[in-house]
Amino acid sequence: MPHVFPIAEPSPKDRLAIVVSRWNESITRPDMWAKIEQVDSAELWEVQLVLKARMLRYVRSNVAGMRARIGLQPIEPPPLEPEGLTIGFARRFATYKRADL
């Protein structure tokens, strides 16, 4: 006998994912902005904290791996503070610029 799952309201995180997904395809649509205004600011802050923690794990892992490859000791305390302001930027890397020099 198959299971029948009741249709439930999505959790706050699921609602946020639904609202924010494909935002770049809908940036000029007023109805998208109406939906985002319905999202609780505490939910947005929680998502920001989760994404920042994910980014910190990624950076720390890469720094530790790079230091291990070149024979350096791990950095203590680990780079970047979870409670600190982290400002980042990115630039397109062109392969013709010879990064190995």
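How many of the 101 residues in the protein chain are buried, as a percentage? Buried residues make up 9% of the chain, where buried means under 20% relative accessible area, exposed means over 50%, and partly exposed lies in between (1.4 Å probe, protein chains only).

## About the model

Welcome to this structure. This is a predicted model, in which local features need pLDDT of at least 70 and side-chain atom pairs count only at pLDDT 80 or more, while totals for chains, interfaces and linings use all residues. Residues are numbered from 1 along each chain as its sequence is written, and side-chain values use heavy atoms, with hydrogens and water left out.

The predictor's confidence in each residue is given as pLDDT, from 0 to 100. Its average over the protein chain is 75, and 72% of the residues score at least 70. Confidence is lowest in helix α1 (residues 12-20), with a mean of 60, and highest in α3, with 88. Over residues 1-9, pLDDT stays under 50, and the model has one contact beyond four places in sequence for them. Here a contact means heavy atoms within 4.5 Å.

## The overall layout

The protein chain has three helices and zero strands, running α-α-α from the N terminus on. Helices (H or I, at least four residues) and strands (E, at least two) are DSSP runs, numbered from the N terminus.

Of the contacts in the protein chain with a separation of 6 or more, 41% are between residues 24 or more positions apart. The chain exposes about 9,400 Å², and carbon and sulfur atoms supply 61% of that area. Accessible areas come from the Shrake-Rupley method with a 1.4 Å probe; for residues, only the protein chains shown count as cover.

Helix α3 has 29 residues and reaches 42 Å from its first C-alpha to its last, close to the 42 Å expected at 1.5 Å a residue. That expected span is 1.5 Å times one less than the number of residues. In α3, Glu43, Lys52 and Leu56 are buried.

Met66 is also in helix α3, which covers residues 41-69. Met66 counts as partly exposed because its relative accessibility is 42%. Together, Met66, Ile70 and Leu72 make a nonpolar surface patch of about 290 Å². Patches are made of residues with over 30% relative accessible area and no salt bridge; like charges are joined within 9 Å, and nonpolar side chains (Val, Leu, Ile, Met, Phe, Trp, Tyr) within 5 Å.

## After the helix

Just after α3, Gly71 takes a positive phi of about 80°. Most residues other than glycine have a negative phi, and most peptide bonds are trans. Leu80, in the segment after α3, has a positive phi of about 70° although it is not a glycine. Leu80 is partly exposed because its relative accessible area is 33%. The peptide bond from Glu76 to Pro77 is cis, with omega near -10°, and Pro77 lies in the segment after α3.

Pro78 and Leu56 are 22 residues apart in sequence and 9.5 Å apart in space, C-alpha to C-alpha.

## A salt bridge

The structure holds one salt bridge, meaning a side-chain nitrogen of Lys or Arg within 4 Å of a carboxyl oxygen of Asp or Glu. Arg29 forms it with Asp31, and the closest N and O atoms are 2.5 Å apart. Side chains of opposite charge can pair when their charged atoms come close. Arg29 counts as partly exposed at 38% relative accessibility, and Asp31 counts as partly exposed at 37%.
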